[in-house]
Amino acid sequence: MRISYETESAIKILAAVAIIAVVVLYYLLAPIVTHKPVPYGVAAPKGQIILLENITLGKYNWENAVDLQKYLILKGSEDYGDSVTLKLQNPDWCLDIVIWEGQKYVRTEECIRELVIPKYLFAISSAFYWYVESGYHIIVYKREGTPENYELVNFTVTYGEETDWGAFKAAYPRD
């Protein structure tokens, strides 16, 4: 028995449509089916050289300090709670926290070594990178004396049960 020309054409068109539908569904559903969460961690700094600055925010001044607001980047897509804990490992370094309150800067913490940062103070991108919001400044400085050139500053960041390390080398700018 022979198939008519019209039936043969209909079968070919249906086969082509079915193949195209399978390919489109594969590209649409594969990312959903094979989704893997972005593991939590410190994306930056991981040993980068960061230049020391003389920082002035309102009436507060620091010499030879680093504002981590520009450099601290976390990553992760899992939800482990509402806060992140940053802890300095170097005993002679401190953290000051300065927040912009709309009309002036206010120092909320002075010379601490461990800081709990609420999760809402991070802007989380679609790629699950966490950036410190612009009005929140984490100033890192040496408590007494001046830092050595290329001095390594280590810290850990804990989110829920997950902990990762971060570090930067504090360097003086060239003249």
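Colleague: How many helices and strands does the chain have?

Modeller: Keep in mind that this is a predicted model. The chain has one helix and 14 strands.

Colleague: What makes you call the chain more spread out than a compact globule?

Modeller: For 175 residues the globule rule gives 16 Å, whereas the radius of gyration of the chain is 26 Å. That is well over the rule, so the chain is more spread out than a compact globule. The C-alpha trace spans about 95 × 35 × 35 Å along its principal axes.

Colleague: And how much of the chain is buried?

Modeller: Of the 175 residues, 35% are buried. The accessible surface comes to about 11100 Å², with 56% of it belonging to carbon and sulfur atoms.

Colleague: Why is T85 called buried?

Modeller: Buried means under 20% relative accessible area. T85 has 19%, so T85 counts as buried. The residue is found in strand β6. Leaving out residues up to four places away in sequence, T85 touches E114, L115, V116, T156, V157 and T158.

Colleague: What about H137, buried or exposed?

Modeller: H137 has a relative accessibility of 8%, and the cut-off is under 20%, so H137 is buried. H137 sits in strand β12. Beyond its neighbours within four places in sequence, its contacts are L57, D67, Q69, D96, I97, V98 and Y105.

Colleague: Which residues have the most contacts inside the largest nonpolar core?

Modeller: Those are L74, I138 and F168, in a core of 30 residues. Strands that each supply at least two residues of this core include β6 (83-88), β12 (136-142) and β14 (162-171). The most comes from β13, which gives four residues.

Colleague: What does I138 touch?

Modeller: Not counting residues up to four places away in sequence, I138 touches V66, D67, L68, Q69, L72, L95, D96, I97, L115 and I117. There is also a second, separate core of nine residues, among them L57, Y60, V98 and Y141.

Colleague: What share of the contacts joins residues at least 24 apart?

Modeller: Among contacts between residues at least 6 apart in sequence, that share is 68%.

Notes. Residues are numbered from 1 along each chain as its sequence is written. This is a predicted model: local features need pLDDT of at least 70, side-chain atom pairs count only at pLDDT 80 or more; totals for chains, interfaces and linings use all residues. Side-chain values use heavy atoms; hydrogens and water are left out. The radius of gyration is taken over C-alpha atoms; the globule rule is 2.2 Å times the number of residues to the power 0.38. Buried means under 20% relative accessible area, exposed over 50%, partly exposed in between (1.4 Å probe, protein chains only). Contact means heavy atoms within 4.5 Å. Accessible areas come from the Shrake-Rupley method with a 1.4 Å probe; for residues, only the protein chains shown count as cover. A nonpolar core is a set of buried Ala, Val, Leu, Ile, Met, Phe, Trp, Tyr and Cys residues joined through side-chain atoms within 4.5 Å.
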